[in-house]
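Here are some notes to read beside the structure. Please keep the model open while going through them.

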Amino acid sequence: NNNAKKKVERDTQWMIQYDGLKTYYQQNGHSNVPMHYASNKRLGHWINNQRQLYRKFKAGLPSSMTEKRIQLLENLDFVWVLGKDWKQKRGCNFTGGGASGTASAASNTISDDNKINICSGGASASAS
């Protein structure tokens with residue numbers, strides 16, 4: 001069946017990206033991969049996509065997100081909505097965000113070795 005073959009391919013690709021996230025987590029202690037992570041350019045975009053798929057899944061909309069994938073991501077302390085709670089867990093003083101579940105990433109920077117520093121000044125971006 002062609003559909004079954006495509007599903008296996010998608011699942012395989014998902015696990016490849018998940019393994020990349022697991023490596024990042026082991027090296028950095030968190031799963032908040034910068035959108036333009038030089039060591040794995042696709043990973044930051046994949047992370048953003050997982051957050052979008054999660055929102056659809058929770059809203060009952062069609063999504064490739066599954067409970068199994070959610071559990072795998074949460075095993076790596078995956079944060080579904082970046083904002084005040086995540087920054088507080090990381091020991092930062094939080095000054096942005098709000099009840100909408102979005103946060104300014106103005107306090108996020110990426111060092112020369114591509115490790116994110118979530119507590120210092122930097123370029124502004126949206127986490128939603």
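1. Helix α3 and its neighbours. The buried residues of α3 pack against α1 (2-28) and α2 (41-58). Helices here are DSSP runs of H or I with at least four residues, strands are runs of E with at least two, and both are numbered from the N terminus. Buried means under 20% relative accessible area, exposed means over 50%, and partly exposed lies in between (1.4 Å probe, protein chains only).

2. What kind of model this is. The model is predicted: local features need pLDDT of at least 70, side-chain atom pairs count only at pLDDT 80 or more, and totals for chains, interfaces and linings use all residues. Residues are numbered from 1 along each chain as its sequence is written, and side-chain values use heavy atoms, with hydrogens and water left out.

3. Which residues of α3 (residues 67-74) are buried? They are Arg69, Ile70, Leu72 and Leu73. Seen down the axis of α3, these buried residues fall within an arc of 165 degrees (taken from the directions from the helix axis to the C-beta atoms), so they line one face of the helix. An α-helix has 3.6 residues a turn, so residues three or four places apart point the same way. Glu67 and Lys68 are exposed, on the face of α3 turned away from its buried side.

4. The largest nonpolar core. A nonpolar core is a set of buried Ala, Val, Leu, Ile, Met, Phe, Trp, Tyr and Cys residues joined through side-chain atoms within 4.5 Å. The largest one has 18 residues, and those touching the most other members are Tyr18, Leu21, Val33, Leu43, Trp46, Leu73 and Trp80. Helices α1, α2 and α3 each supply at least two residues of this core. The most comes from α2, with five residues.

5. Trp14 is found in helix α1 and counts as buried because its relative accessibility is 5%. Contact means heavy atoms within 4.5 Å. Leaving aside neighbours within four places in sequence, Trp14 is in contact with Trp46, Gln50, Arg69, Leu72 and Leu73. On the same terms, the contacts of Trp46 are Trp14, Gln17, Tyr18, Leu21 and Leu73. Trp14 and Trp46 are 32 residues apart along the chain, and their C-alpha atoms are separated by 8.9 Å.

6. The protein as a whole. It has four helices and two strands, in the order α-α-α-α-β-β from the N terminus on. Of its 128 residues, 35% are buried.
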